[in-house]
Amino acid sequence: MTTKKQTGTQNHDNTQPRSTPDTGGQWRSFDELAGDQRLVEEAQVEFPNGLRPPPSTSVTRRDFLKMMTVSLAAAGVTASCSRQPIEQMLPYAQPPIPEQIPSLPLYYATAMPLGGFANGLLVKNMMGRPIKAEGNPEHPASLGGTNVFAQGSIFTMYDPDRSQVVLNTGQNSTWEAFRDTIAPIMTAKLADQGAGLVFLTETITSPTLVDQLARMRDELGYDQMEWYQFEPIDHANVRVGAELAFGEPVDTIYDFTQADVILSLDADFVAPSFHGSVRYARDFADRRRIREEHGEEHSEAPMSRLYIIENTPSTTGVLADHRLALRASQIEMVARMIAGELGVDSGGEIDTSMLSEAQMTWIEAAVADLREREPGRTLVIAGEQQPPVVHALAHAMNDALGNVDSTVRYIEPVAGQPFNTNADGDLAGLRELVGKMSAGTVEILVIVGSNPVFTAPVDLDFGGALERVNLSIHLGVFPDETAQVCTWHIPEAYYLEAWSDARAYDGTATIMQPLILPLFGGRSAHELVALLGEQVERSGASIVRAYWENQYDGDDFEVFWQNALNDGIVPETEAPSANVSVQSGAFPGPATVATGEMDLVFRPDPTIWDGRFANNEWLQELPKTITKLVWDNAVLVSPRTAIAMLGLSVSDPENPQVSDLEHLSAANGTLVNLSHNGASLQAPIWITPGHADNAATVYLGYGREQAGSTGTGIGFNAYKLRQSDAFWFTPGLSVNATGGTYKLVSTQDHGTMEGRNHVRAGTISHFEHDPEFIQHMVHTFPDEYSLLPPFTYEENAWGMTIELNACIACGACVTACQAENNIPTVGKQQVATYRAMHWLRIDRYYEGSLNEPDTLVQPLPCMQCERAACEVVCPVNATVHNDEGLNQMIYNRCVGTRYCSNNCAYKVRHYNYLQYIDEQTPSFQLMRNPDVTVRARGVMEKCTYCVQRINAARIDAKKEGRPIADGEITPACAQACPTNAIVFGDTRNPESRVAQLKAEPHNYALLGELLFVPRTSYLGRITNPNVAISGEEMFEDHGGHGDEPEGSGEDHGGSDDHGGGEEEH
Amino acid sequence: MNQIFRPSANTYFKVIVLSLALVVASVLWSMAVLDRSNFTRRVNQPLPQPIAFSHELHAGSLGMNCRYCHSSVDVSSFANIPPSETCMTCHHEIRTNSPDVQKIWESYSTGVPVEWNKVYDLPDHVYFNHSIHVSKGVGCTTCHGQVNEMPVVWRVHDLTMGWCLDCHRNPEKYVRPLDQIYSLEWQPPANQIEQGLQLVETYNINYGELDHCNICHR
C-alpha cells in the first residue's frame, strides 16, 4: 500500500540553484523543474530572452530631462494646434432590413462544418458584418459551446489572402468566362452520359449537395459520372470498423452522462477531430463536476472515471484519471487483450510480453473496473486513427458490457456516401481515382473545397496524376496548392457567406444562412454543381430552399422554413436508429504487432487542423494544447526516446539531476531526419513528457507552399511522410539526428508565477474525507496583514469561477477573447520575447515524474483583485477599481510605464510594445468589434471581464428598471466554453451560480494567501482514481490552524518566511 | 581689469530669468486655453452640410418630433442619422424640384449614401449611449441645444470630459421629467435641484457608478 503524496504549496526557492530537482511540485518545463536561474532572471529583467536593452544605456539625468521637455512641448503643440477634424457619417440610403437598428447587433443561427460535420452557431452580426461566433444552445452538437475553429473562422472570413479572383491556368479570369467556357463542355458531355466526369469532395453531410450530385447522375443525364471523397482527417477507420462489427457502416452516438467508467483506446473525444466533440465534452464534464450541496444536472450520479490508453498526450489525456502511454501500434494488441478478458472472441492468444508489469497491472485494474460495474454503465471508445479492428473490438466490448442503448446507440450513417464508396475506406477510393487519372480516363475533375495536392498521401502522387487530367476545376477558399495546378480555380464563398446546409454528428440538419454577401465574390459548392449539371446559374438560396421545399410535406412551408432558420436546426432530422448486432467472428486475428523500432504517428494540428487554417493568425498564435508551441509544429517524442535517439548524457530519466534536465531542455529544437519507406523529412523535436516511448508524433498542416502571406513556409510538411499504407501511424520509422537546431517557440514558461503549486488537485476520496482540503493546502495570511483596506460593494460585485475539473484546455476561450476584444497577434519572434498579447492564457503544468507526469491545466484571465497590486503603482490612475469590483484599465490614460505589469503577481497584463494591430487592411477593419477600443501601440492591456457586455446588460436592465439577472452577462470566454467551466456573475447575489460555486468547499483563490483577494477563483481539480492503480491514500487530520477559519492562524503568522510556503500534509 | 559684470547685471539676470519663465508659462497657458477654446472644439460654429437640411424648419416651424428621423435614440447607443428613405416619405411629393431634395432622391435611387458631416464627434475611446440618457431624464436639448432654432446645426457644448462629468456627478442639475425628454421648449424650473433630486431617486440613478471609468471607456 503506497501513500500518495499530497502536495501542498512548496515554495520553490528558485533563487538558489539546486542540484536535485524537486519532482513533488508542479513544473511547466524542464528548465522550471531544474530550477533554472535563467527563467527567474528572464522573469525579472525588462528585456528577456536575448532582447538587448536600447543602445543608449548611458542616458544621464540631464539628457532624460531634455528629452522629456522636448517631447512634452511637442505633444502640447500637436495637441492644441490641431483643430478637431471633421468626420463623416454615412447612413443607409435604404435600410436593408427593418430589424437593423444602427449599432445594435443581430444574431443569426447557422453552423460551421468541419470535416463535414456541423457545429451549430449563433453568429453576431454588427451592421452587416459577422464579427463573433457563439454556440447555438439549441443545437445538439453545440449546446452553446464552440471550439477554436469556430472562433477562429471569423479571422479566415476577413483574411485578405483569401481567393479573390477566378483563375484560368494561373491567369486572372472571371466567373462569366468560366461559365461560358464550361457550359458547352458540360452539354457536350451529355453525349457519353458524363463518362470521365469525376467529382472529388471532402466529407459532405449537406443534404442539398448530396441530392444535387445524385440528381445530376440520376436525372440530368450524367449517368456515368463518378464521385470520390477524400478527407485528410478522415473517419474511414470508424466506418470500416462498424462494417466489420455489424456488417453495416453505422455511426455510433455515445452518452457520457450514463457512463460510470470510460475506457478510451486512443480516442481524443474532446478534440475537434472527434465528431460531436463539443457536445461530448459537455456531457463528460457534467459527470465530473463536484458539488457539495447545490444541485446541478447529473450531480446525483457519482463522478465518472476515465481510463485512457494513448500514444500522444491529448486533452482527453489531461482529463483522465488514469493514463497509459502506449505506442499507437501496440494499442490494437491491448484492445484485443482487454476484449478477450471481457469475454469477446478476439482472435486467439495475445502475446503480452512487450508490456511491463506496471502496464499489465494498469490494464488488469481497468478491466476489473469495467467488469464490476452494472451492465450499461460503462463505455469503451476507440479513436479514429486506430485501425478498423480496434473499432470493431470496441463495439463488441460495449455489447459484452451491456452498453448498447445505454451509453452507446447506433444510427444510420450521417455523412453522404459518394457514388464510388470503397469498402476499404475513402483512401482506397482515392487510390482508385489516382489510378484512373494516371491512366487518362478522367476527363473532367471537379475538386470541391479541398486541397488534395497538399494533403493526399505522398505515395499516390496526386499532383502528378492531376497533370494528366485535361480539365480540372477547383473550388476553394484559398488559392492554395491545388488551385495553382488546376485548369480553373473558383473562389469559394466561406460558410458565413453562402446558403448551404449541414448535419451534426447525430444527423440533425442545420440550414446555414449567409451573414454577409461574399466579401471577395466567392461561389458556393451548390452554385458550382448547379452550373455544371444544368448549365444555368442558380442562386445558392434558391437551391437550398428548393431542396427543403421538396422534403417538406406539411402545410405551411414558409413557417417551417422561417422556424428552421431561426432555430438553427431542422426539426426531426436526427438520423434514425440502426438496429444492428455484433457479428460473431468479426475479428480476423492475430493481432498485428509493432515490429519496427519506432512508431510514426500523424495527428491533426490542434490549431490549424489539416492545414486549412495555416493562414489564420489567431489560430497560429494560439498555443497548442499540450506543447504550448506557437507558429510551428515539431516531432513530439518522450524524454526517454529523446535521450536514446540523440544520445543525451542523461543517467537516469526516472530520477533526473539538474544537469540532465538542462540537457533535455537544450535538446528541444534539435533537427532530426525522419524517414519511412523511402520518404524523409527534417524536423525539430520537442520533448513531450507523457508521450509514449519509441514513438514520434507529427502534426499535419504545416509547411504549406501556397497558404497565403502568413501561413506559407512555416513549420515542416508532415504530409511528405504520410503514405497511404501508413495513414495514421506506422511502426517503421527511423530517426537520426542531423545536427543543427531550429528555434521553436513555446509559451510554456510565459507568465511564470515562480514555482508555487497553482493547480490545487486531489482525489475524490480525499474530498469525501475532508471537503475543504483544497482550501487548506495553503496557509493564508490573516486579513489584517493587508496594507489595503477591505472593499465594500453597493450593487453588483462581479466575480468568476473556473472549474478545473471541467476545463479541457481546448483554447476556445482564448480565441473567443481575441475575437471579442480586438486582441492583435504578434508573430513568432515577438512571442519568443514574451510579448504575446492573449488576455487569457491557459497554463499547463506537469506534476510527478518526467516520463509519466500528471498534466494539469489552468486558464488564467485577469483575477480582478479586490486589493490589486497593479492599481497602487500606476502613476496616472490608468488602472483603478470600480464599485462593482472591476479592476478597470483605461487605455487613453495609460502612459505605458508598465509598473502595473511588474507588480502583477499573475502576469496577466500585456503591453503592446509595437503597433501589433493591423489598422490598415480594409477587411480587418470590418472584423473588429466596434464596442471595444482598438488599442494603439504603447498601452497596457488586460482582461476586463468583457466590460462592454456588462455595460450593455446594465443599460438594458436600467432602461427596464430591474436588476441585472443572473446569467444575463456572459463574458466571451465563458460563452465559448464547451463545458461551462467558466461561470461569471454577481457574487453578492447568493442565488447566482457564481456565488453558489464560490461557496463550494473546493473553491480556492489562486495566490489567495497573498491577500490580493482575486475575484476570479478556481474550483480545485479532483480526480477519481482507482485505488488498485494509485494505491490507498492516507489522510492526516489537520492539526493546528487547518481546521480553523481561514486566516485565523495567528500562531503561524508573523514571520515573513512562511507565507504561501506552508505545507499542510 | 574692469569687472565684467557690474552690480546691475544681477538685476538684469533676474529679470531675464523671470521673464523667460513667464514666457514659457504663458505659452503653455495659451496652448491650454487654445485647446479648450471654442475654436478648437468647434463650439458655436455652424457646420455646413452637403444638403441644406434645416432643423429650424423641420423641428421648429413644422414641429416634427426628434424621433421621426432619429428613430433609434431610445433603443440604441446611436441615435440614427435617417436613411435617405426617411426623407423620401414626405419629399416624394413635397418640394420635389428643390436641388437639395433631388440630391436625396439621387441617393435614394442609387443607394449611394449622403455623406453628412458629424457635428457631435466624440473621441473613439468614448462609448456614449443615447438610449440610457433619454430613458433616465436627459433631454435632447440638454446636450444639443435649441436645434429648432438652428438652420445649420452647430455644437453647443465643448464635449470635454469635465463637461460630461458635471452631469455624471450632479445629474440633479439637468434631469427632467420623462414626458419632456423630446420637448424643445422645456426649461429648468426654479426648483430644478429639488425636482432633480426627486427624479434622480425615481430614475434609480446611482451616483456611485456614474463616474466609473468603465462607464464610458473600455
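Predicted model: local features only at pLDDT ≥ 70, side-chain atom pairs only at ≥ 80, totals over all residues.
1. Next, a look at where the chains meet. Here 40 residues of chain A contact 45 residues of chain B. On the side of chain A that touches chain B, at least two residues come from each of helix H3 (61–80), strand E2 (88–89) and helix H28 (947–959). The top contributor to that side is H28(A), with 6 residues. By class, the side of chain A facing this contact holds 18 nonpolar, 14 polar and 8 charged residues.

2. E2(A) pairs with strand E1 (residues 116–117) of chain B in the antiparallel sense, over 2 bridges. Within this pairing, Met89(A) has Trp116(B) as its bridge partner.

3. Finally, a helix pair inside chain A. The axes of helix H6 (residues 207–218) and helix H17 (residues 525–534), both of chain A, come within 10 Å and cross at roughly 10°. An angle under 35 degrees counts as roughly parallel, so H6(A) is roughly parallel to H17(A). From H6(A), Thr208(A), Leu209(A), Gln212(A), Leu213(A) and Met216(A) meet Ala525(A), His526(A), Val529(A), Ala530(A) and Gly533(A) of H17(A). The residues of this contact comprise 6 nonpolar, 4 polar and no charged.

Methods:
Residues numbered from 1 in each chain as written. Chains lettered and ligands numbered in written order. Contact = placed C-beta atoms within 7 Å. Helix = DSSP H or I, 4+ residues; strand = E, 2+ residues; numbered from the N terminus. Nonpolar A, V, L, I, M, F, W, Y, C, P; charged D, E, K, R; others polar. Pairing = 2+ DSSP bridges. Axes fitted to C-alpha atoms, helices over the stretch in contact; angles between N-to-C directions. Parallel < 35°, antiparallel > 145°, perpendicular 65-115°, else oblique.
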